[in-house]
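Welcome, and please open your viewer. We will go through this model stop by stop, selecting one part at a time.

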Amino acid sequence: MADVILKNVTKSFGADLALDNVSMTIPDGSFVVLLGPTGAGKTTTLRMVSGLDTPDSGEISIAGRSMTGLTPAQRNVAMVFQQYSLYPHLTVRENLAFPLKSPLLNTPADEIARKIKEVSEVLQISHKLDNKATALSGGEMQRVSIGRALVRNPAIYLMDEPLSSLDAKLRADLRIELKRIQSKSGATLLYVTHDQIEAMTMATHVGVLDKGKLVQFGSPREIYENPVSIYAASRLGQPRVNILPAGLFAGAPANAVKIGLRPEQIVQGSGEDSLVTRVEHLGDQTRLHLSFKDHDLVSVTDAHTPLSEGDIVKIRPDKPFYFDADGARIVSGGSL
Amino acid sequence: MAQIMIRNVRKDFGSFNAVKSSTFTVEDGEFFMLLGPSGCGKTTTLRMMAGLELPTSGEIFIGGEEVGMKPASQRDIAFVFQMFALYPHMNVGKNISYPLISQGMPRAQVKKKVGEVAEILGITDILNRPVGGLSGGDRQRVALGRAIVRDPKAFLMDEPLGALDAEFREHMSEELRALHDRMGATTVYVTHDQLEAMQMGDKIVVMNHGVVEQFGRPQQIYDWPATMFVASFLGSPSMNFLAFDGMLGNNQTSVALSGVDFTIPASLEGARGKLAFGVRPEHVRFTDTSAYKGQVLATEYLGTTQIVTVATPNGDLKSRISASHAITVGETVGLEFDARTITVFNVETGRALLSHANQEVLGHG
């Protein structure tokens, strides 16, 4: 395992600029999650590292070795796709063993058996090992395809929304398992998702992509607490950060155009009046939809709040984010 | 608009029983959620309301009239599917007006009606556009417009947002709910997404294996689940079950977990054998003074809060605490629970034991 470095990587598909001068270091042993909506360039980045696509310009290196001109097989990477691809005529066990039986690896039989046992237990598919791949549910097939990557020991694991087809419960279990496997084994992972929960809970580093540009790279906490722009602030947090005209509240810096308020940056009970327009009881918390000077915002409050539609609540900002006309963050007079 | 009553409705497909004796009522003007995992019978139930399937036995009332055996065309309801189909060769206005024209409504009236609906949906400016070039959101609005324009007795929706990505889905769910609040139309909505159900629904029916497990307001069901299935299906992370062997008598106000006593709401029902102590993640607190210890297995950062997984003598448990609270994997923590919120379950039957706290919700459920 070793650092994976992207240097000034650019890629166009026809007139579409998919990646725009992306530079990024994926440190050895890190879990890097690329986050962004459809079309941001997440999957393209992954494909560049894997060798399934090649950059128009720029360079990718793994462990100090340039990947230019190398095929996916020569790069020693393991990929998991959103759409599982298993050998339908083989059993689960044979599917899992397949990468290890490659003549390049020549793994001893007892080692293969040990690996398969370990991986199938982690992924909760031990009881299906002798089933044909076609006799599995969608969730099980996806676990087998993750397993087929995990039995190997590549320089980097590349995963493209591997959990998106699974149900909520299994997704929650596998989030913890993937994170545990990664931190225990010290494996390096590059992981693509548009699910912010996956990004926040698993990543050591999050790369926020916007229309092919890497706009922020840092720990989930850095990006949540210290976003560089409206775009980055809007990627993490549920309910989403409220973006309002800066002048709505007193105290905005002179060049601020927008104010960003996460629910915890809205103090209830002091400040100015807002009208409760809807109360959503989500169980562990309650979302308040508020109307403040004709602008809508969403905050959270206690699960058993006595507030109901039509009530008046006073609110004020507490340590809000301010953004300039371009949506870039303003920090104490200067830009971030 | 109308009330919908389901009475002892059962549906078999050959030897497979899809819905077992369901009974519940959707009140006039309610936004009503049918929630459950795939295969639980929620879509079959909705299709029976619509008349797309006929019940094997039982009765369905729409606006007081028994319609169980009537075909869809005679029920005056509008069905919105997950994959909404528009007529590709017609423009937006024609797509919306189609149901009215086929009913033989006079042109002037059709025009007025389509104008009103377009206004409600905020699509007045695209009425003359072909549907081909529309965004996903606008296509969905047109599909809704076509359903609304007929003034049906009720809207039935089968995961209408299922195919959309998370961000857009959130936006459309707010829009749908706001639309409902403006029109006050009885709406039955099928979903497997518990957050969507909690967020949008006035009431929720939770189904599993063809059985209605619980029926009520979202917060009631969340706080006082009738079964372990409901407790684990609602909430993310779901309710923790700490397993213990023991006995519970009437009016008992505490139980022992591995030798440590915990206060619970006074029980109204006795049980013994395999029991589970049910506590929601947000009602678990860490305190050094507690004699009940666990080891931290994992922490998951979520911005405002974090989820901490702890191994206890009675099984793994998840806690939701402030993200500012520093916790490291491997450390030992003392645990405390909010006594007012506890539900004890009989693991054999999967049912919640009646207590002073949940009797109001479960007593007449």
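How many helices and strands does the secondary structure of chain A come to? Select chain A and you will find 8 helices and 19 strands; helices (H or I, at least four residues) and strands (E, at least two) are DSSP runs, numbered from the N terminus.

Before moving on, note that this is a predicted model, in which local features need pLDDT of at least 70 and side-chain atom pairs count only at pLDDT 80 or more, while totals for chains, interfaces and linings use all residues. Residues are numbered from 1 along each chain as its sequence is written, and chains are lettered from A and ligands numbered from 1 in the order in which they are written.

**Stop 1: chain A as a whole**

Along the principal axes, the C-alpha atoms of chain A fill a box of roughly 70 × 45 × 35 Å. Of its 336 residues, 42% count as buried (20 or more other C-beta atoms within 10 Å of the residue's own, with C-beta atoms placed from the backbone).

**Stop 2: where chain A touches chain B**

Now show both chains. Here 23 residues of chain A are in contact with 23 residues of chain B; contact means that the C-beta atoms of two residues, placed from the backbone, lie within 7 Å. On the chain A side, select helix 5 (168-185), helix 6 (196-202), helix 7 (220-225) and strand 13 (266-281), the elements that give two or more residues each. Helix 5 of chain A supplies the largest share, 5 residues. This side of chain A divides into 10 nonpolar, 6 polar and 7 charged residues (Ala, Val, Leu, Ile, Met, Phe, Trp, Tyr, Cys and Pro count as nonpolar, Asp, Glu, Lys and Arg as charged, and the others, Gly among them, as polar).

**Stop 3: the two domains of chain B**

Colour residues 4-223 of chain B as domain 1 and 228-362 as domain 2; such bounds come from an automatic or database domain assignment. Their C-alpha centres lie 37 Å apart. Where they meet, 10 residues of domain 1 of chain B are in contact with 7 residues of domain 2 of chain B.

**Stop 4: a helix pair in chain B**

Finally, select helix 2 (residues 92-103) and helix 3 (residues 107-121) of chain B, whose axes are 10 Å apart at an angle of about 130°. Axes are lines fitted to C-alpha atoms, for helices over the stretch in contact, and angles run from 0 to 180 degrees between N-to-C directions. Among the residues making the contact are B:Ile96 and B:Leu100 of helix 2 of chain B and B:Val114 of helix 3 of chain B.

Notes:
Buried ≥ 20, exposed ≤ 12 C-beta atoms within 10 Å, placed from the backbone.
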